[in-house]
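Dear colleague,

Please find below the structure that I am handing over to you. My findings follow it.

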Amino acid sequence: MPKKRSGGGLTTTQQAAKFLGVAALSGVVLAGIALPAAGALGLATKGTVEGFDEIPANLRTPPLSQRTEILDSKGGLIASVYSRDRTVVELKDISPHMQKAIVAIEDARFYEHGAIDLKGILRALNRNVQDGGTTQGASTLTQQYVKNVFVEQAGDDPDKVAQATQQTMGRKIQEMKYAIQVEEKLGKKRILANYLNITFFGQQAYGVEAASQRYFSKSAKDLTLEEAALLAGLVQSPSRYDPVNDPTEATKRRNTVLQRMADVGDISQAEADKAKANPIKLKVQKPKNGCITAVSGAGFFCDYVRHVFLTDPVFGKTKEDRAKLWNRGGLTVRTTLDPQSQQSVQNSIKDHVYKSDKVATAVTLVQPGTGKIMGMGQSKPYGFGPDETQYNYSVDKSMGGSNYGFPTGSTFKPFLAAAAIEGGKPATQTYPSPYEMDYPDTVQSCGKPWVNDGVPKYHLENENESERGPYALKQAMEKSVNTYFVQMLEDIGMCPVSQMTDKLGIVQGDGTKLPQNPSTLTLGSNGLSPLTMASAYAAFANRGTYCTPIAIESVKTAGGTSLPVPKTTCSQAMSQPTADTINTLLRGVVDSGTGQQAGLQSRDNAGKTGTTDARKNAWFVGYTPNMSGAVWVGSPSQSVEMVNITIGGVYQAKVFGGQVPGPIWRDAMTGALDGVAAPAFSAVDIPDAPERNDREGYGWPGHGGERPGANNAPNQTGGNTGDRGGQTNGGGQGP
């Protein structure tokens, strides 16, 4: 007894017989249907039966590529992204007019014949013989659906698409055989629904729902007779009958469909004539695809979400698996983005930095304790035009950011202070802190000590000559005294600082670990991203617990299945007393130090300013107990010195971290936290240093004499100027 094949229901012999019956009935007739010569068919040969057995028994129908919606934390739409703009709907949600129109014009005998229409084949042959060519085909709606599946499987690969649409005998045989199986498995109604969901209607619209929205701004279930006829007419040639670009041809084609509907009895001739008399009325929605369409300046956050999806193994073991899931679409991605915070970020950016300015700003807000990214924006909009960019200045290179991040200047100093306090140094620790000094001769590291082998020796100075020690930590932090923190580094060594930054998730913008040298680990001479800084400072706000940043809260498929998403990982980076001490120190910065212009009036807040060599970068990083934010201002290419410059319509003789980034942070945080609870820090008592009359400073043993003018930094280029900041690393930071 012949063995049945899985899924087909028929034996190999039965399937071949059924298929060959079609061929035998039509004989060489098929040769006249836009196919190769009769000799190429071989339908009655032994070879054809063997070849038939080689064709897969089941039609693999991939999930249709659909639109993915990216939502904010409240469920508002940020952007839609898709490789195919398609929304799959059930047949009951498609207008009866549309169902009748597509059948009338594409396959009027759809409900009468099987998978292959022999009458249609004979009719096509007769027409082609009369015309002396191959002007008419005889593909049924089922066969067309099968071809569309081939095209869908091909994706955006041009070679595979060409293969899927090639007019060869092998391809036609395959389509016919698959059509037989599809008819048996799915039935007419499911085939019609699948066809209407898969076919292309032009203007980047796949499927009838997307087409209805594109041309008429309404759902497919609400299509009128005239509208349905227009869409049905597009399928044959979406570009030729495009109503947007050629309404005359589109009208002719629509009327052809209407007449065909009357001829087959779907509507009366009077109804057809009345519909023909009406002009085409479009209400076109332009295609809105991708992060460039994101609302509230969230294009860069949208792109960050895409990068997370394509790189995190939780969405697939390989990059190919993740890309396939993303491109297939049909997902609902609920993100962490808070619409109130995001709007506040954008408003602040707009008020302080223009997109046409020589410099840019990037702002990122993170929620302490959860790692949730609440807001992310920049002054150069997401796009391809003048003063636009696709580089996200808030994140690392691997996630779509700049090549190296941006030097952070003195905003790095709290990490050094945290390492010192965690290691047992008191909050009242005092160092001589001269106005200028050589870097130490040696500084201990996790391995081989760093040696000041510069010729002349590497040197640094404070922002102002009046800044001469000795200073205690509280005053040194408020004034951002460079020499104090270099002496602190010499005292504790670099290894505790490296260990602290590792616990705080701090890496350079290119993803590599921070090098161990004094300039990097005191004065912030290496590039970091605003997201990295905001997340690290959030650990201070969270009393020492660092949480990795996250952007995605949930993902659901088109069928409603929830997918796993990346989770934040929280760990204790420092003790609570250490964090509380840092919070108290940084409150002093905004209360009476370099960050006074950033201070919030209605709630506890803390932060640190930073300005780098030649004023190429200015920062303010600050936080409240329930929000952390980082603001960077500078040139992405590191080519602009922010001296005698106009930013946001305001002239700046010299840019400081507290002067330009500070107010941006203040306004962004004020709006983001409006109506939100205002918890207090757990403050510690740090005594003020005694008043000093002597401003001459004190020597620091073992460093030799001070050498005015020898202002060079270890392993770096340039000197230390600006808001008591650090040096640049000598390389361009731009994209």
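Helices (H or I, at least four residues) and strands (E, at least two) are DSSP runs, numbered from the N terminus. Threonine 199 is placed in the loop between helix H8 (188-198) and helix H9 (208-216).

This is a predicted model, in which local features need pLDDT of at least 70 and side-chain atom pairs count only at pLDDT 80 or more, while totals for chains, interfaces and linings use all residues. Residues are numbered from 1 along each chain as its sequence is written, and side-chain values use heavy atoms, with hydrogens and water left out.

Threonine 199 counts as buried, because its relative accessibility is 3%; buried means under 20% relative accessible area, exposed over 50% and partly exposed in between (1.4 Å probe, protein chains only). Leaving aside residues up to four places away in sequence, threonine 199 touches Asn148, Ala205, Tyr206, Gly207 and Val235, where contact means heavy atoms within 4.5 Å.

As for the protein chain, it contains 23 helices and 22 strands. Of its 735 residues, 55% count as buried. Among its contacts with a separation of 6 or more, 72% come from residues 24 or more positions apart.

One helix pair may also interest you. Helix H21 (residues 530-541) and helix H22 (residues 576-592) pack at an angle of about 105°, and their axes are 8 Å apart; axes are lines fitted to C-alpha atoms, for helices over the stretch in contact, and angles run from 0 to 180 degrees between N-to-C directions. Tyr537, Phe540 and Ala541 of H21 meet Ala579, Ile582, Asn583 and Leu586 of H22 in this contact.

Yours sincerely
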